[in-house]
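Reader: I am new to this structure and would like a close look at one part of it. Please take a single residue and describe what lies around it.

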Amino acid sequence: MLEKKLVIEQGLWAHFPEEDVPIKHGFSTFLAGNMSMRFGLKSIVVDNRENFFRLVGWSSEDVIFIIPEHRDRIFFIEKNPQIRCLECDGIISMVPGIGIALMVGDCLPVILYGELNEKRFVGLIHACLLYTSDAADEL
């Protein structure tokens, strides 16, 4: 369990300390602007995303967006995909240098990382509030 607090950078984004989560990751804050294409002007959202990705150290060309379905579909990626938006609730990638992005409201992003068959992987899962709370009730 992580016991250290998030590191907040310039008020715009946050991340866990590298010794706790040794992968490139970050969470935008309200001050970084709107990141959702569902609200506001597309050009402003694109600029906000580009600025955030630059802060984290990503290029937008190397990011795959999760479009949450509130179901249980998770994609496992072993080669660089051509599609940059996937309707699913999670992505696990074995491809170095690929970022995974997710916009959440009242749901939780779950970061995964580790090794599988001597290959490193990263993952991002959309934990829907409704289903996550149902599962917690069963514990």
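Author: What follows is an account of Asp89 and the strands around Asp89, which sits in the loop between β6 (85-87) and β7 (90-93).

The model is predicted, with local features needing pLDDT of at least 70 and side-chain atom pairs counting only at pLDDT 80 or more, while totals for chains, interfaces and linings use all residues. Residues are numbered from 1 along each chain as its sequence is written, and side-chain values use heavy atoms, with hydrogens and water left out.

Strands here are DSSP runs of E with at least two residues, numbered from the N terminus. Asp89 is buried and has no salt bridge. Buried means under 20% relative accessible area, exposed over 50%, and partly exposed in between, with a 1.4 Å probe and protein chains only. A salt bridge is a side-chain nitrogen of Lys or Arg within 4 Å of a carboxyl oxygen of Asp or Glu. The nearest side chain of opposite charge is that of Arg71, 6.4 Å away; for charge, Lys and Arg count as positive, Asp and Glu as negative, and His and the chain ends are not counted.

The side chain of Asp89 does have a polar contact of 2.5 Å with the side chain of His126. Such a contact is a pair of N or O atoms within 3.5 Å; within protein, one must be able to donate a hydrogen and the other to accept it, and residues adjacent in sequence count only if both atoms are side-chain atoms. A polar atom of the Asp89 side chain also lies 3.3 Å from the backbone nitrogen of Glu69. Leaving aside residues up to four places away in sequence, Asp89 touches (heavy atoms within 4.5 Å) several residues, including Ile66, His70 and Ile125.

Two of these contacts lie in paired strands, where pairing requires at least two bridges found by DSSP. Strand β4 (residues 63-67) runs parallel to β6, joined by three bridges, and Ile66 stands opposite Leu86 in β6.

His70 is in the loop between β4 and β5 (75-77). Its phi is near 60 degrees, a positive value in a residue other than glycine. His70 counts as partly exposed because its relative accessibility is 36%.

Technical notes. Helices (H or I, at least four residues) and strands (E, at least two) are DSSP runs, numbered from the N terminus.
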